[in-house]
Amino acid sequence: LQAFIAPISGQLTDRFNPKIPLLIGVVILGISMYLFSFLSLQTTHDQIMLPLYLRGLGMGLVFTPISTIALYDIPKPQLAQASGLFNTIRQVGGSFGIAALGTLLTQRVKFHTQIYGEQLNQTSPLFHNITDHLKEFAMHSVGSNNIEAFSQAKMLLLKNLTGQAFVQGISNDFYVGAVLTFVLLVPMLLL
């Protein structure tokens with residue numbers, strides 16, 4: 001989608017103020033990140049596709065105008081150097097963003113794993129009910145004996161817990177990304 005929108009964004013940038021497609025693209029990008037902040041293990045394919053389409057639309061609207069704004073006042077003899085510098089800064093900035101969000105993801109996954117792990121009370125009737133059902137599932141589907149099935153049931157429960165903690169960490173990253181995107185609208189208005 002981004003590849004189809006970028007040329008249209010270029011035409012809009014040429015005809016109008018480049019801030020217009022840039023701001024529209026950033027808002028759409030922020031909305032897509034906000035929608036991604038509601039991911040869970042039960043998220044369906046259809047629930048993932050709308051934010052992906054919005055992200056492609058937003059990214060397509062952002063890159064051409066931002067390049068135009070960054071290079072607009074550069075004299076022609078220095079344009080090649082400025083373009084190279086702009087692309088380098090964009091790549092380095094992207095790398096820092098990935099590193100920061102990767103660190104945040106790691107911390108949030110640890111946090112959610114700890115919180116979810118604290119909620120597992122091995123003496124509660126609910127825990128025993130779930131592990132009993134998972135144990136029966138393991139015994140019937142894999143042919144495990146009672147002891148192996150109980151161990152496999154606990155592993156399935158732990159796998160679900162860590163999977164949900166990971167997805168929740170990703171959702172937190174998207175939420176932070178959405179907030180930062182909307183906060184960065186303010187300096188973009190001042191361009």
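Tyr-175 is partly exposed, at 45% relative accessible area (buried is under 20%, exposed over 50%, partly exposed in between; 1.4 Å probe, protein chains only). Tyr-34 is also partly exposed, at 38%. This is a predicted model: local features need pLDDT of at least 70, side-chain atom pairs count only at pLDDT 80 or more, and totals for chains, interfaces and linings use all residues. Residues are numbered from 1 along each chain as its sequence is written, and side-chain values use heavy atoms, without hydrogens and water.

## Aromatic pairs

The whole structure holds three aromatic pairs (ring centres of Phe, Tyr or the six-membered ring of Trp within 6.5 Å; planes under 30 degrees apart are stacked, over 60 edge-to-face, the rest tilted). The ring centres of Tyr-34 and Tyr-175 lie 6.4 Å apart with planes at 50 degrees, so this pair is tilted. It links distant parts of the chain: Tyr-34 sits in α2 (residues 19-36) and Tyr-175 in α6 (residues 146-183), 141 residues apart. Helices are DSSP runs of H or I, at least four residues, numbered from the N terminus. Tyr-34, Phe-38 and Tyr-175 form one aromatic cluster.

## Helix α2

Helix α2 has 18 residues and reaches 25 Å from first C-alpha to last. The expected span is 26 Å, taken as 1.5 Å times one less than the number of residues. Buried residues of α2 include Leu-22, Val-26, Leu-29, Met-33 and Phe-36. Their cover includes α1, α3, α6 and α7.

## Ser-37

Ser-37 lies in the loop between α2 and α3. Ser-37 is buried, at 13%. It touches Ser-171, Phe-174 and Tyr-175, leaving aside residues up to four places away in sequence (contact: heavy atoms within 4.5 Å).

How values were computed:
Helix = DSSP H or I, 4+ residues; strand = E, 2+ residues; numbered from the N terminus.
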